[in-house]
Amino acid sequence: MSDLNHYSVLSADVQKSVSISENAVVVDCTLGLGGHAKIVLEKMKGEESVLIGFDQDERNLKVARERLGDYGKKILFVHDNFRYLKTRVNELGFEKVDLVLMDLGISSPHVDVADRGFSFMREGPLDMRFDQRQSLQASDVVNTYSEEQLVDIFFRYGEEKFARKIADRIVQRRKVENFVTTTELAEFIEGLKPNRRSAKKSKSHPATQVFQALRIEVNDEFGALESGLDQAVDILKVGGMIMIITFHSLEDRFVKHYFKKLVKPKVSDPEKAIYSNYDESIFETLTRKPIVPSMEELEENPRSRSAKLRIYKKLKNI
């Protein structure tokens, strides 16, 4: 199965950077097919050590269970979004954890399996749900959202310069016929944008940014990320680490700015400034610049080209 050959991005850097004590509790917020989890499990020592693996995709969990079955009770599987991180971890009997890992990229089956509706290169339904239990699909967004809502989504989540034009034409077209498939929408968008694919500076399909925006909207990715980070920061032990792999500039900026206020807190109340520890750092940045794939990794896995790994260490409780 291609699932079993899934390539885990920045795996060598994750392996090198993971530092955990004996009997550690680790949370992999985005288990996927278990690649990063396997790396961490190999480094875990102690009979009470455990890795809690979250994934909202039931298919991914099934493959991960097969791949990681030999680790027995050292791994616990949670079929849920990491926006419920603290609740689920507490339900399993843990208050604090030693390491949190987030890989915000989509796994290979999402792109390679046509019926998931993530890829504009393969014909499939306009779905894009990570969790098949939820009701909202990409087809609902494309066919029912207002023009202004579409403009906002395409511009905010896709940084699409032609957001207004694309939204306007989509609304006009769906008055006659709804969009049904991924390739249908991709070809429609391609016909609206200037032909720049032959230019050296343009390597992506014209529909790339719109598809990214739709995926983010369908899965409320930034809402989940903010909630997940809030909870990860809360349940992480002092001295524990959080490792986050992002795959596009919006995610990376979000993570960078989120931790900036924790690494260098601002004194908002002048009266509190008299306390020497009021503005002490809550987190330390362990990667001054994000870690990016090596040339060797890029040759082996071109999909990793936009990946960035940032690592932070908790210094004190809030």
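Modeller: Partly exposed is the class in between buried, under 20% relative accessible area, and exposed, over 50%. In this predicted model, Lys237 falls in that class because its relative accessible area is 32%.

Colleague: Which residue does Lys237 meet in a salt bridge?

Modeller: The side chain of Lys237 meets that of Asp98, with 3.4 Å from N to O. This pair links distant parts of the chain, since Asp98 lies in strand β4 (residues 97-103) and Lys237 in strand β5 (residues 236-246), 139 residues apart. Asp98 is buried, with a relative accessible area of 11%.

Colleague: How many residues apart are Glu42 and Lys38 in helix α2?

Modeller: Glu42 and Lys38 are 4 residues apart in helix α2 (residues 35-43), which means that about one helical turn separates them. Their side chains form a salt bridge at 3.8 Å, N to O; Glu42 is exposed at 52% relative accessible area, whereas Lys38 is partly exposed at 36%.

Colleague: How many salt bridges does a search of the whole structure find?

Modeller: The search finds 20 salt bridges, and salt bridges that share partners join Asp80, Arg88 and Glu91 into one network.

Colleague: What describes two packed helices?

Modeller: In general, two packed helices are described by the angle between their axes and the distance between the axes. Here the axes of helix α9 (residues 182-190) and helix α10 (residues 208-219) come within 9 Å and cross at roughly 135 degrees, so α9 is oblique to α10. Thr182, Leu185, Ala186 and Ile189 in α9 meet Val210, Phe211 and Leu214 in α10, a contact with 6 nonpolar, 1 polar and no charged residues.

Terms used: Residues numbered from 1 in each chain as written. Predicted model: local features only at pLDDT ≥ 70, side-chain atom pairs only at ≥ 80, totals over all residues. Heavy atoms only, no water. Axes fitted to C-alpha atoms, helices over the stretch in contact; angles between N-to-C directions. Helix = DSSP H or I, 4+ residues; strand = E, 2+ residues; numbered from the N terminus. Parallel < 35°, antiparallel > 145°, perpendicular 65-115°, else oblique. Contact = heavy atoms within 4.5 Å. Nonpolar A, V, L, I, M, F, W, Y, C, P; charged D, E, K, R; others polar. Salt bridge = Lys/Arg side-chain N within 4 Å of Asp/Glu carboxyl O. Buried < 20%, exposed > 50% of the residue type's maximum accessible area, 1.4 Å probe, protein only.
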